[in-house]
Amino acid sequence: MAGIKAIVSLAFLGCMSGLLLVLSCALYSQWWPLFAIAPVILSPLPTKLASRNVDSFSTGGSSVGYELAIFFTTGLVISGIAIPLILAHVGKIVWSAVGLSMGGVILGFLTVLIYRIAMPDDSDGFELMRF
């Protein structure tokens, strides 16, 4: 199990991510950048679900399902970064809100990445929430 420092650091990064996303919305009275939070929340799901169904007969160390899950995760990361840029290009939000929103999205993805690196063996303590 990860140490208390790792958990506190992840909580801090997650809170900063949420703060930047809400600030990008509230400071400019435009709530469109909040759509960028959906890919951040959904990004760990494909690899998490695929890692539970790894074929034990594959000799290469990975399977087609896991590679497809990495592809979908990459698509979610790119769409999370692209949503604020597209909204600014269309004119729905101002460019300064893009900076705050992109900062929040990048911190959110870093939080997910650090969590997956710090706890790779699924020892997160949520046994009741397993599928």
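These entries cover the helix, then the pocket.

**Ground rules.** I have a predicted model, where local features need pLDDT of at least 70, side-chain atom pairs count only at pLDDT 80 or more, and totals for chains, interfaces and linings use all residues. Residues are numbered from 1 along each chain as its sequence is written, and side-chain values use heavy atoms, with hydrogens and water left out.

**Helix H4.** I looked up H4, residues 64-90. Helices are DSSP runs (H or I, at least four residues), numbered from the N terminus. I checked its length: 27 residues should span 39 Å, at 1.5 Å times one less than the number of residues. The end C-alpha atoms are 37 Å apart, which agrees.

Where does H4 kink? I found a kink of about 35° at Ala 82, shortly before Pro 84. The bend is the angle between axes fitted to the seven residues ending there and the seven starting there.

Pro 84 is also buried, and so are Ala 69, Thr 73, Leu 76, Gly 80, Leu 87 and Ala 88. Buried means under 20% relative accessible area (1.4 Å probe, protein chains only). These residues pack against H2 (37-42), H3 (45-52) and H5 (95-118). Just after H4, Gly 91 has a positive phi of about 105°.

**Second largest pocket.** Thr 73 turned up again, in the lining of this pocket. Tyr 66, Phe 109 and Arg 116 are among the other lining residues. H5 gives the most, with five residues.

Definitions and conventions
Helices (H or I, at least four residues) and strands (E, at least two) are DSSP runs, numbered from the N terminus. Buried means under 20% relative accessible area, exposed over 50%, partly exposed in between (1.4 Å probe, protein chains only). Contact means heavy atoms within 4.5 Å. On a 1 Å grid over the protein atoms alone, a cavity is a set of points where a 1.4 Å probe fits but cannot get out, and a pocket is an open set with protein on both sides within 12 Å along at least five of seven lines; lining residues have an atom within 4 Å of a point.
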